[in-house]
Amino acid sequence: MPMTEDFLRFPHQMWEKVLSKVKKAVVFMDSRCAEALHWSGGAALLLEAGARNLKEFSSFEACAENEPKAVFVVSTLLKGRTIDVIKDIISLSHFQYCVVITTVAHSVHLVANNVTTEMEGNPVFEQFEEKLCEWMGNMNYTAEVMHVPAVFAPVSQQLLLTPAFAHLFPLLFPDLEAINTKRPEKKRFGSLVDMDMNSLPVELQLEIKSLAAVLNAMFEATGTREESFAVGPMSRIIAGELAGHPQAKNRRKTAPNKASIIFVDRTMDLTGAVGHHGDNLVEKILTVLEPLPGHVTDIQVDMLELTSLQRTPHSTNILAPGCLAQTQSPAAQALWETMLTSKHKEGVMEVRRHLVEAASKEKLPIKMGLGRVTPEQLRSYVQLFRSRPGMLESHCGVLQLGLATAQTLRHPIMPRWDACLAFERLLLQALGDSDFTAVLRQLLPLMKPRRGEDDTASGSRSREEECGPDELILLLVYLYSLADEAQPSDQDAEEEELEKLERELIGQLTLVITQEQHLSPLLQKLTGCDTPEQLTMEQAHAAAEGLFETLRGLSQTRDHLKQLRSVYTASDGVHQATYRPFLRQVLEEVFHPDRPECPDIEYMSGGLTDLLKTGFSMFMKVTRPHPSDNPLLLVFLVGGVTASELRLIKEAVSTHKPGSQVLVLSTRLLRPTDIAELLFATPRLSPDIGV
């Protein structure tokens, strides 16, 4: 029987293959592989395995004469820019031995090189080995090229992420229009559901094939035969690619274990991804603290409070930041699991308990506090360890998580979380009573530029407490994703009124963006400008127009579903209107004791056999496989998962089927602003895979 532990061991097994090659080598690694390694043990693993150094995968890096061996670890195809960087590094160095490890399978390299026939061996890799020797200047030097699917980051006992696919996101209606413009009029697609693998841009096809190859390698390593299910257009394509993977057919004949995997498009529920209703500590930490440079998931923790350094404008650059990934400390790992999958209050209480236990263990003079946990209380516990090297080393993991919690709770923008939550609740109630235009109009009073940092008018809220453009964009996504839940009205009249209102909102949002004194990462990606000085009114207006073009299609993402079409429960006069998480509805169907067949959870592993059964079902009863048939359930969220959803999954399992083994896989752990970036500011149709 496959166990979640078998799948959680898989990332470490892949890194062991990399470690076997790094002895006496300088390792060059791209940021996506570095992030996967970060959650599996970090650079310490490489150094303990004998690596001499770890460097960024960049044309500006090189090695000295006394460093003859290099190992390159990349998450991209060995084509284009990736080859250029490898060649640049080799030409500036004096290597005699080069190993290139790519996480992209050889079969995907063949497709990328327009080879459609099956070939023996790894000809693309073999040809590249010759190139490496040529660049090193001696054909007798040693070169190795291999594929190792080291892409999974074991973030917790419940969650595996794939940083290499962090920007893979389900298609939206503007993408459908872009694809249709390149097709003959008679062959254009009516909806996203009609699209197939061959209709996608080549870069996106290659990324999906690469993901399918990685998943196949994981099932192969764990001896698992999977039954695939899908909810959403992109999930159908990925599940179909996995089902048809050439190497998977033989595996399924001999694999001793069974598991179900459900792919779910993130676009099936954007309300939960951008909303602030998630009562989860980690979600708030990810939202307010700065990301760790080069990472998609982890954040920076200011460690200055553990030293005797004075806080100055330059002191933050003296110390390396802390982070959330604590792979060396069992106590910190246990604390992280609780923070990730429990309610906010429980997480904060657990942080205090771990800090108190650590201080008591070291016999430090701790003052016990009862009742509400405050950031000042957590800081006082952490500061007991200041400038005590031995104690710091012993409890470093717990202290970093404690500092992350304290810094989040006292962060000046935390009041915005509560303000957004309150407004989202008002919008939910209004949707059941009014048409969409009337509800959307309630956003207009918020669409105004924030006051300057020096503007401290008495009796008014601070600038940090005001909703900025990021929060306004999130509220727009929240509302448009629920547009179909509003009260129906005169269609033609509402469309005209809505168009007029949207033009007004575009103008207001343009003004808000251009009045910002600092552009957030979201605004930088949305406008293509790094500073306010670069941003023109025309650029801001064009960005706002593009944003609304995407927003208009968000309410239709579930239109093709038959049963799970709504994530909203209207008020009945006794109970308030509520948001119903899509993922919870899916799990309720999966774990339902009567095992009903949900038409929206599509079985994808049947192939031709399943099509034949479907044809015969008119004359005889055909039983399709059910996701609950197998002892292990994998849930793959295509486009990202939130920390609140991890808690939701844990609660759903304990409520409906205690003891079940469920493992979540996803492309990234989401902040609310991540969704906005993926929706509006990422070239989804041309992912960066090194072509």
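Visitor: In which crossing does H4 pass H6, left-handed or right-handed?
Guide: Happy to show you, with a reminder that this is a predicted model. The two helices, H4 (residues 80-91) and H6 (residues 123-136), pack with their axes 9 Å apart. Their contact is made by Ile 83, Ile 86, Lys 87 and Ile 90 of H4 with Phe 128, Leu 132, Trp 135 and Met 136 of H6. As H4 passes H6, the crossing is right-handed.

Visitor: Are H4 and H6 roughly parallel or roughly antiparallel to each other?
Guide: Look at the angle at which they pack, which is about 30°. Angles under 35 degrees count as roughly parallel. H4 and H6 are therefore roughly parallel.

Visitor: Which helix do the buried residues of H7 pack against?
Guide: Helix H7 (residues 173-180) is mostly covered, with six of its eight residues buried. Those six are Phe 173, Pro 174, Asp 175, Leu 176, Ile 179 and Asn 180. The helix they pack against is H22 (537-551).

Visitor: Is Thr 557 buried or exposed?
Guide: Thr 557 lies in the loop between H22 and strand S10 (568-569). Not counting residues up to four places away in sequence, Thr 557 touches Phe 173, Thr 267 and Met 268. Its relative accessibility is 9%, and buried means under 20%. Thr 557 therefore counts as buried.

Visitor: How far apart in space are Thr 557 and Val 193, C-alpha to C-alpha?
Guide: In sequence, these two are 364 residues apart. In space, their C-alpha to C-alpha distance is 9.8 Å.

Visitor: How many disulfides does a search of the whole structure find?
Guide: A disulfide needs two cysteine sulfur atoms within 2.5 Å. For Cys 396, the nearest cysteine sulfur is that of Cys 323, 8.7 Å away, and Cys 396 is in no disulfide. Across the whole structure, the number found is zero.

Notes: Residues numbered from 1 in each chain as written. Predicted model: local features only at pLDDT ≥ 70, side-chain atom pairs only at ≥ 80, totals over all residues. Heavy atoms only, no water. Axes fitted to C-alpha atoms, helices over the stretch in contact; angles between N-to-C directions. Helix = DSSP H or I, 4+ residues; strand = E, 2+ residues; numbered from the N terminus. Parallel < 35°, antiparallel > 145°, perpendicular 65-115°, else oblique. Left-handed = near helix turned anticlockwise from the far one by under 90°. Contact = heavy atoms within 4.5 Å. Buried < 20%, exposed > 50% of the residue type's maximum accessible area, 1.4 Å probe, protein only.
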